[in-house]
Amino acid sequence: MNFLSFKDTVIFPKTAGINVAGHLSIGGCDLVDLADEFGTPLYIYDETTLIDKCREFLSEFQSRYPKVKVAYASKAFMTRGLAALLKRQGLGLDVVSGGEMSAAKSVDFPMEKVYFHGNNKGRDELLQAIEWGLGSIVVDNLHELRLLDELCQEKGVTQNILLRVSPGIDPHTHAYTTTGVIDSKFGLTIATGQAEDGVARAVKAKNLRLLGLHFHLGSPIFELEPYPAGIKVAVKFAAEMIERYGLKLEELNVGGGFAIQYVRQSPPPAVSEYAEAITTSLKNECERAGIEPPTLVVEPGRSLVGRAGVALYRVGFSKDIPDVRKYVSVDGGMADNIRPAIYGSLYEAVIANRPLAEGSEVVTIAGKYCESGDILIRDLELPPLNSGDLLALPASGAYNLAMSSNYNLSTRPAVVMVKDGAARLLRRRESYQDLIALDYL
Ligand SMILES: Cc1ncc(COP(=O)(O)O)c(C=O)c1O
């Protein structure tokens, strides 16, 4: 397998190609040059793919439904440069911590476009959200509802909220990333009556203004059906709450979870197909329930940044165990991408300095960290690899660096944004000085 054989797939960024030097290039930048200039491991984001994805989400949803907001789920990947780009594209943000909120604030992101999520938001984080005028706090449980109302009373303000409900729908993804089922730590469960209790209290809360409901089913969701199923349950519940408690359903936030293509054999639905399934079912369910269609909010994370990002590693040593396995080690691994270790996630790879290389052997790409489980790709067919080769792993833009660590006191990789042949640093590589800067003797 070589790069040309999946040139037409949606695994690599849109601008990926092979240049006159015969190297892989992205955004007009030669990956061999990027490795020389910035070192490896390196994360490369293609600005064109990012901007096109923002536009695709806005246009596919807005062309099908009159009132739509797209809020990027910053847990997938967050840097100040990315937040600034999203701000220019007119998107909102979903944040889950004081840290993500602060990064947004540092680039003057319009706070009224920010949703604050989390199943155990701290008192300090809630106060920060209130003081900074966040658009909506997505209340996850009854404890938070009480605490937030008290804090708003102390501050003398009224805060917009959504209630996160758990509709009891299984999106058929990894158990660790399934969130909308009954046995989940997230949200107020509809089936147990907890969500109804939440609505009854929220509409009475003096300093809270309940704008509507939120659910998030899980991620990545490769099927369309879970979305209409979730919407059906949520709209039926909302209609009952309108009748019983006078709920005003101004917004329905259906979360994120839209899948991207990681490997050739698993293509996800297109954004247009998710948009069609979601908007059609929302219109139909509202009509069936006899309620006014609310503003629709979607929170794509992975699907907005995943394809734009490529991880670039340098190949080191190989270990061939005859009749068992050949391990090829690279200079990164689970500290910058823990997804294969915790979810069994699959990836493709291409030799960036000779993507058209001939021949093939089956190898296992190992990371450099002190865990046997630090394997990036198992049993991948590639042309024979040499020490010094550069290996590019596509679809690495989401939940890689966002979940990275300093395991083995390693330094996090640099991140560059590429466009029109130019690369600029979004984040510099961490230094050993950074690693010890917070320690006391
Ligand atoms: C509430 C909420 N919204 C949106 C997302 C984004 O999901 P994805 O990155 O799969 O689009 C998540 C992911 O965990 C989430 O918890």
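Q: Which domains does the assignment give?
A: Domain 1 is made of 3-39 + 308-436, and domain 2 covers 48-304. This is a predicted model.

Q: How many Å separate their centres?
A: Taken over C-alpha atoms, the centres of domain 1 and domain 2 are 32 Å apart.

Q: And how many residues does the contact take from each domain?
A: Domain 1 gives 26 residues to the contact, and domain 2 gives 21.

Q: Which elements of domain 1 supply at least two residues each on that side?
A: They are α11 (339-343), β20 (414-419) and β21 (422-427). The largest share, 3 residues, comes from β20.

Q: How does that side of domain 1 divide by class?
A: The side of domain 1 that touches domain 2 has 17 nonpolar, 5 polar and 4 charged residues.

Q: Switching to the largest nonpolar core: which residues touch the most other members?
A: L163, L312, L391, A392 and V416 do, in a core of 128 residues.

Q: Which helix gives the largest share of this core?
A: Helix α8 (residues 226-245) does, with 8 residues. The core also draws at least three residues from each of domain 1 and domain 2.

Q: Back to V416. What is in contact with it, leaving aside neighbours within four places in sequence?
A: The contacts of V416 are L34, F38, L42 and I44, together with A423, R424, L425 and L426.

Q: Now the ligand. Which residues come nearest?
A: A73, S219, G256, G301 and R302 come nearest, out of 17 residues around the ligand. By class, the shell divides into 5 nonpolar, 8 polar and 4 charged residues.

Q: S219 is joined to P220 by what kind of peptide bond?
A: The bond between S219 and P220 is cis, with omega about -10 degrees. P220 sits in the loop between β11 (208-214) and α8.

Q: What about T40 and P41, and where is P41?
A: A cis peptide bond joins T40 and P41 too, and its omega is about -10 degrees. P41 belongs to the loop between α1 (31-38) and β4 (42-46).

Q: What is the phi of D108?
A: D108 is not a glycine, yet its phi is positive, about 55 degrees. D108 lies in the loop between α4 (98-106) and β7 (114-116).

Q: Is D108 buried or exposed, and why?
A: D108 counts as exposed because it has 10 C-beta neighbours inside 10 Å, and the cut-off for exposed is 12 or fewer.

Q: And D323, what is its phi?
A: Phi of D323 is near 65 degrees, a positive value in a residue other than glycine. The loop between β14 (309-321) and β15 (325-330) holds D323. D323 counts as exposed because it has 4 C-beta neighbours inside 10 Å.

Q: Last topic: what is the strand order in the open sheet of 3 strands?
A: The order is β1-β2-β3, and the pairing is antiparallel. The edge strands are β1 (17-18) and β3 (29-30), each pairing on one side only.

Q: How many bridges pair β1 and β2?
A: β1 and strand β2 (residues 24-26) pair over 2 bridges.

Q: What stands opposite I18?
A: L24 in β2 stands opposite I18.

Definitions and conventions
Residues are numbered from 1 along each chain as its sequence is written. This is a predicted model: local features need pLDDT of at least 70, side-chain atom pairs count only at pLDDT 80 or more; totals for chains, interfaces and linings use all residues. A nonpolar core is a set of buried Ala, Val, Leu, Ile, Met, Phe, Trp, Tyr and Cys residues joined through C-beta atoms within 7 Å. A residue is buried if 20 or more other C-beta atoms lie within 10 Å of its own, exposed if 12 or fewer, and partly exposed in between; C-beta atoms are placed from the backbone. Helices (H or I, at least four residues) and strands (E, at least two) are DSSP runs, numbered from the N terminus. Domain bounds come from an automatic or database domain assignment. Two residues are in contact if their C-beta atoms, placed from the backbone, lie within 7 Å. Two strands pair if DSSP finds at least two bridges between them. A residue is near a molecule or strand if its C-beta atom, placed from the backbone, lies within 6 Å of it. Ala, Val, Leu, Ile, Met, Phe, Trp, Tyr, Cys and Pro count as nonpolar, Asp, Glu, Lys and Arg as charged, and the others, Gly among them, as polar.
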